[in-house]
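This briefing is intended to be read beside the sequence and the three-dimensional structure. Please keep both in view while working through the points.

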Amino acid sequence: MDNQKRTDLALEAHELWRGRGKTGSLPGVVTREHDAFGYRATVVEITDSEGARELGKPIGAYVTLDLRPYWRHAEDALERAARAVAAEVRALLGGEGARAALVVGLGNRAMTPDAIGPQAAEHVLVTRHLRRQNSFRGFTPVSVLAPGVLGRTGLEAAELIRAAVRTVRPDVVLAIDALASRSLERVCTTVQLSDTGIVPGSGVGNRRLAIDRASLGVPVLALGVPTVVDARTLALDLLESAGVEHPLPSALCGSESGVMVTTRDIDAQLRELARIVGYGVNLALQPLDYASLCALMG
């Protein structure tokens with residue numbers, strides 16, 4: 001039944017593997033946890049083809065930040081969450097930052113669960129065109145692109161990003177997109193960061209061309225926020241929690257129609273998460289502290 005449950009999170013894929021009664025460690029997969037400014041960060045590192053096959057994810061590092069404490073609205077919650085995202089971005093960059101970066105906000109601005117990319121991009125400090133000014137000379141040149149979706153532009157996002165990469169020649173591309181979780185508890189409460197790239201639209205069931213190092217020629221870091229749960233996956237989990245381990249196919253009738261489930265206040269939650277991700281990217285790329293960043297962003 002687990003292979004019928006859909007998730008874009010490596011952490012959840014590993015949980016599903018353990019849920020099949022597996023004991024011990026999975027060959028080719030290393031997991032560990034650490035604290036990131038008061039938020040739990042879980043790293044799932046896939047090191048070989050066996051681990052990639054078992055989890056259905058490319059070889060690479062996946063970091064899941066648990067941001068559930070953010071919604072308790074502590075006074076410094078935004079600062080700590082943004083600094084946590086920044087710390088994990090810098091770690092995936094090797095701790096050295098980037099000499100130039102292209103930030104891409106993937107998704108459809110008109111579809112709320114798919115709008116995290118464009119919304120987060122609005123909070124990223126664009127500096128490539130300001131480098132000639134003395135006050136910005138010490139900043140990392142950052143460009144931002146929100147390529148939209150094929151149905152509105154007639155162009156694949158990957159095509160537009162390749163063209164932008166050829167123009168600005170960044171050291172790294174940071175791609176922000178919506179993801180699908182297997183659990184409602186992780187919708188709008190987690191951020192997954194990885195060094196494996198991303199497939200736009202996967203979170204809302206509309207997979208497009210991959211955006212990764214192989215397709216762009218530069219490293220691609222992915223920042224994904226789970227905003228939906230596949231209805232079939234949710235149904236399977238509900239049946240399992242009710243003690244039905246092997247439901248009849250008829251019990252899932254109508255759950256294969258591409259229906260996605262999200263929270264009723266998704267618009268408000270995405271506004272908060274977009275700011276967390278955007279500010280985190282800024283703190284990772286620029287020589288700024290949080291107070292200076294807030295002053296610049298207004």
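The model is predicted. Its chain has 298 residues, of which 52% count as buried. The secondary structure comes to 10 helices and 9 strands.

**Overall organisation**

- Among contacts between residues at least 6 apart in sequence, 71% join residues at least 24 apart.
- The largest nonpolar core holds 57 residues, and those touching the most other members are Leu67, Val89, Leu174, Leu193 and Leu223. Helix α9 supplies the largest share of this core, with 11 residues.
- A second, separate core has 18 residues, including Leu179, Leu216, Val218 and Val220.

**Leu174 in the largest core**

- Leu174 is one of the core residues that touch the most other members.
- Beyond its neighbours within four places in sequence, Leu174 is in contact with Ala101, Leu102, Val103 and Val104, with Leu221 and Leu223, and with Val89 and Val281.
- Two of these partners, Val89 and Leu223, are themselves named among the core residues touching the most other members.

**Helix α1**

- Helix α1 spans residues 10-19, and because 7 of its 10 residues are buried, the helix is largely enclosed by the rest of the structure.
- The buried positions are Ala10, Leu11, Glu12, Ala13, His14, Leu16 and Trp17.
- The cover over these buried residues includes the strands β1 (29-36), β2 (39-46), β3 (60-66), β6 (172-181) and β7 (190-194), together with helix α2 (49-55).

**Helices α3 and α9**

- The axes of α3 (residues 77-92) and α9 (residues 266-285) come within 7 Å and cross at roughly 55°. This angle makes α3 oblique to α9.
- The crossing of the two helices, α3 and α9, is right-handed.
- On the α3 side, the contact is formed by Leu78, Ala81, Ala82, Arg83, Val85, Ala86, Val89 and Arg90; these meet Arg275, Ile276, Val277, Tyr279, Gly280, Leu283 and Ala284 of α9.
- By class, the residues of this contact divide into 11 nonpolar, 1 polar and 3 charged.
- Val89 of α3 takes part in this contact and is also listed among the contacts of Leu174.

**Helices α9 and α10**

- The axes of α9 and α10 come within 11 Å and cross at roughly 120°. The angle makes α9 oblique to α10.
- The crossing of α9 and α10 is right-handed.
- Tyr279, Asn282 and Leu283 in α9 meet Tyr290, Leu293, Cys294 and Met297 in α10. This contact has 6 nonpolar residues, 1 polar residue and no charged residues.

**Tyr290 in helix α10**

- Tyr290 lies in helix α10, which covers residues 290-297.
- The relative accessibility of Tyr290 is 17%, so this residue counts as buried.
- Tyr290 and Ala82 are 208 residues apart in sequence, yet their C-alpha atoms are 8.6 Å apart in space.
- Setting aside neighbours within four places in sequence, Tyr290 is in contact with Leu78, Glu79, Tyr279 and Leu283.

- Val218 is placed in the loop between α7 (213-216) and β8 (220-230). Its relative accessible area is 12%, so Val218 is buried.
- Val218 and Asp171 are 47 residues apart along the chain, and their C-alpha atoms are separated by 6.4 Å.
- Not counting residues up to four places away in sequence, Val218 touches Val165, Pro170, Asp171, Val173, Asp212 and Arg213.

**Loop residues with positive phi**

- Arg169 has a phi near 50°, a positive value in a residue other than glycine. This residue is found in the loop between α6 (157-168) and β6.
- Arg169 counts as exposed, because its relative accessibility is 67%.
- Cys188 has a phi near 60°, again a positive value in a residue other than glycine. Cys188 is found in the loop between β6 and β7.
- With a relative accessible area of 0%, Cys188 is buried, whereas Arg169 is exposed.

Terms used
Residues numbered from 1 in each chain as written. Predicted model: local features only at pLDDT ≥ 70, side-chain atom pairs only at ≥ 80, totals over all residues. Heavy atoms only, no water. Buried < 20%, exposed > 50% of the residue type's maximum accessible area, 1.4 Å probe, protein only. Helix = DSSP H or I, 4+ residues; strand = E, 2+ residues; numbered from the N terminus. Contact = heavy atoms within 4.5 Å. Axes fitted to C-alpha atoms, helices over the stretch in contact; angles between N-to-C directions. Parallel < 35°, antiparallel > 145°, perpendicular 65-115°, else oblique. Left-handed = near helix turned anticlockwise from the far one by under 90°. Nonpolar A, V, L, I, M, F, W, Y, C, P; charged D, E, K, R; others polar. Core = buried A, V, L, I, M, F, W, Y, C linked by side-chain atoms within 4.5 Å.
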